[in-house]
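User: Could you walk me through this structure, one question at a time? I am new to it and would like to know how each answer is reached.

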Amino acid sequence: MVIGAGPAGLTAAYELVKHQQTVRVLEQSPTTVGGISQTAQYKGFRFDIGGHRFFSKSQEVEDLWTEILSEKMMLRGRLSRIFYNGKFFAYPIKPLDTFQKLGVVYTTLCVASYCKAKVFPRQNVRSFEDWVINNFGERLYETFFKTYTEKVWGMDCRTISADWAAQRIKGLSMTSLIRNTLFPPKNQDRGAVIKTLIDQFRYPVHGPGQMWETVAEIVTQRGGEVLMGRQVVGLQWEPGQLQAVTTTGPGGDETHRGEHFVTTMPIRTLIQSLSPSAPPAVVQAATNLGYRDFITVALIVQKKELFPDNWIYIHDAQVKVGRIQNFKNWSEFMVPDPELSCLGLEYFCFEGDGLWTMSDADLIQLGTTEVARLGLVEADQVIDGTVVRVPKAYPVYDDNYRTNVQTVRDFVAEMLPNLHLAGRNGMHRYNNQDHAMMTGLLTARNIIAGYPRFDPWCVNNDAEYLEAGEAGAEGGGRLVPTRTKTP
Ligand SMILES: Cc1cc2nc3c(=O)[nH]c(=O)nc-3n(C[C@H](O)[C@H](O)[C@H](O)COP(=O)(O)OP(=O)(O)OC[C@H]3O[C@@H](n4cnc5c(N)ncnc54)[C@H](O)[C@@H]3O)c2cc1C
């Protein structure tokens, strides 16, 4: 039994049916597979939750994508720039381009504030703000670092720990920027490439959902079941095994029994759905896990060409939108009419906050007003729109998340050895599809073998399997900001 038809759950199911195992996937969505990697559809327009690049340092994952979609996987060039004050800036930042666009006066102010930071650096560097100002000056901090970081993480840069800046912006300084502009680094191999900066990636002709729609079809053709509209709301257990799960949905309530259960549903909901309840300490640990949520507002625009980027980062503080995807530039097949375009406006939020609770009509109005204010599109060129809300899009790494996840893992390992945690929210790992897939694949292999050959917790954020104890195993995934420590 597999809970969730996202990349992790469907990869596990794919591997299981490949080895003639019986498998049933339970997916809460009545219509759509792929989870966060789905391709949403609206009146013939197709759009991602965010934009999903297919790139992995794991050759096995790359091969799997080829095996599933072969020539339907296109190789795409990446263009993504920063949009600030009505201008597009190269990303990664290039000093010449930046200073040309900022103009002589602003550039002089940036240089002056950089010199000031070098002569009078902030002492006792504690926050992201302290660190960036000391390294780039206040002006560049305000222009390129502050607003976007705060939009994405919902945290004030003065409360984000300087450690994160030091790790995240590692190796980047004014000197290195200027050196890289004058002498661009050559011959970077795949392993050395920084994942967020890759300039080529693969992409299915009809978006990431095509991958997962195809896997669901293959699983079904090979005798597996993918049951839609089944939300797992209860898990019945006794010490030593998970016996069954109950689902609710348009077709009514059902009970599903199985020998092994792979879960990719969020850990918090999983533990809260156990019957009888898990011990209070385990329930508390799971309840304490946090998430950041996400809204895509898709706008249909009556214009053939808007801008050449796949996506742009919006650094202006006057608007709430964080990133804008131009889906036609990912694949022309995402838009049914070549005379039209489709933008995906990304809003980072918390479930229940002002953005989350806005009506769809108000969100579409907000998006329209914001793209017009930015000067990207005329308001009357927006002819239609739709909204997709994604709860728990990002597992939050707070100070206690590791301990909380460990408490849950220990309980599951001891009491429920036939329940296997996999995937992004299933393991509370902030990672890409390739990581989610690899954990699903290894879990399936353990089930097929009949004993735990692999430890899915030892898949690093590059989707590589490392033996327990190796540097990087249990790495916890991508770096995320943490709060400043109390002095
Ligand atoms: C904005 C954004 C951009 C991204 N960009 C990229 C990118 O460029 N490249 C990349 O590789 N990755 C990207 N990712 C990450 C990628 O989306 C995830 O890593 C991947 O989807 C995780 O797969 P998963 O199967 O673990 O989880 P999910 O995709 O979350 O799938 C879990 C599935 O379980 C179902 N489910 C949950 N609870 C229940 C329940 N109780 N009962 C039944 N079903 C349930 C859900 O409906 C869902 O279908 C991005 C993510 C975001 C948020």
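Predicted model: local features only at pLDDT ≥ 70, side-chain atom pairs only at ≥ 80, totals over all residues.

Here are some questions and answers on ring pairs, charged pairs, backbone features and the surface.

User: Thanks! How many aromatic pairs are there?

Analyst: Rings of Phe, Tyr and Trp (its six-membered ring) pair if their centres lie within 6.5 Å; planes under 30 degrees apart count as stacked, over 60 as edge-to-face and the rest as tilted. By this rule, the count is 21 aromatic pairs.

User: Which class does the pair of F47 and F327 belong to, and how far apart in sequence are the parts it ties together?

Analyst: The ring centres of F47 and F327 are 6.1 Å apart with planes at 40°, so this pair is tilted. Helices (H or I, at least four residues) and strands (E, at least two) are DSSP runs, numbered from the N terminus. F47 belongs to strand 4 (residues 45-48), while F327 is in the loop between strand 17 (323-326) and strand 18 (341-349), so the pair ties together parts whose separation in sequence is 280 residues.

User: What about F454 and Y465: which class is that pair?

Analyst: Their ring centres lie 5.5 Å apart. Their planes stand at 90°, so the class is edge-to-face.

User: Which residue lies over the face of W457?

Analyst: A charge sits over a ring if NZ of Lys or CZ of Arg is within 6 Å of the ring centre and within 35 degrees of the ring normal. One such case is K392 over the face of Y291, at 5.4 Å from the ring centre. For W457, at 4.0 Å from the ring centre, the residue is R409.

User: How many salt bridges does the structure hold?

Analyst: Side chains of opposite charge can pair when their charged atoms come close. A salt bridge is a side-chain nitrogen of Lys or Arg within 4 Å of a carboxyl oxygen of Asp or Glu. The structure holds 18.

User: With which residue does E225 form a salt bridge?

Analyst: E225 is in strand 9 (residues 225-227) and its partner is in strand 2 (residues 24-26), 201 residues apart. The closest N and O atoms are 2.8 Å apart, and the partner is R24.

User: Which residues meet R122 in salt bridges?

Analyst: R122 is partly exposed, with a relative accessible area of 31%. E129 is buried at 12%, and D130 is buried at 11%. The N to O distance is 3.0 Å for E129.

User: Which residues does the cis peptide bond at P276 join?

Analyst: P276 sits in the loop between strand 14 (274-275) and helix 10 (280-287). Omega is about 0° for this bond, and the residues joined are S275 and P276.

User: What is phi of A463, and is A463 buried or exposed?

Analyst: A463 is located in the segment after helix 14. Phi is near 65°, a positive value in a residue other than glycine. The relative accessibility is 1%, so A463 counts as buried.

User: And N124: buried or exposed?

Analyst: N124 lies in the loop between helix 3 and helix 4 (128-136). Phi of N124 is near 50°, again a positive value in a residue other than glycine. With a relative accessible area of 59%, N124 is exposed.

Terms used: Residues numbered from 1 in each chain as written. Heavy atoms only, no water. Buried < 20%, exposed > 50% of the residue type's maximum accessible area, 1.4 Å probe, protein only.
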